[in-house]
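Good morning, and thank you for coming.

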Amino acid sequence: MNLIKSVREAAGVKQVALYSELKWPQSRLSNYENEIRTPSLNDAREIVAALNALGAECTLDDVFPASQSVA
């Protein structure tokens, strides 16, 4: 699970600004936001860095929280 879209929207960052900051195609970011694909650790770090550069104040754990197992 990831919270890319939630964190981005909470910070008032448009998707176009984020994928432009990352220098990625829109489809790549959209696939990550919609959990069609899972970003690598390096890509996750790049996403967090780009979000922070655009004004979001977040950490890797904020955007990519550890999954919680149900007992």
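At what angle do the axes of helix H2 and helix H4 cross, and within what distance do they come? Before I answer, please note that this is a predicted model, in which local features need pLDDT of at least 70 and side-chain atom pairs count only at pLDDT 80 or more, while totals for chains, interfaces and linings use all residues. Residues are numbered from 1 along each chain as its sequence is written, and side-chain values use heavy atoms, with hydrogens and water left out.

The axes of H2 (residues 15-22) and H4 (residues 41-53) come within 9 Å and cross at roughly 120°. Helices here are DSSP runs of H or I with at least four residues, numbered from the N terminus, and axes are lines fitted to C-alpha atoms over the stretch in contact, with angles running from 0 to 180 degrees between N-to-C directions. H2 and H4 are therefore oblique to each other, since angles under 35 degrees count as roughly parallel, over 145 as roughly antiparallel, 65 to 115 as roughly perpendicular and the rest as oblique. Their contact, meaning heavy atoms within 4.5 Å, is made by Leu18, Glu21 and Leu22 of H2 together with Glu46, Ile47, Ala50, Leu51 and Ala53 of H4.

Let me turn to the other helix pair. H2 also packs with H3 (residues 26-33), at an angle of about 115° and with the axes 9 Å apart, and that makes H2 roughly perpendicular to H3. In this contact, Gln15, Leu18, Tyr19 and Leu22 of H2 meet Gln26, Leu29, Ser30 and Glu33 of H3. Looking at both lists, you will find Leu18 and Leu22 of H2 in the contact with H4 and again in the contact with H3.

Methods. Helix = DSSP H or I, 4+ residues; strand = E, 2+ residues; numbered from the N terminus.
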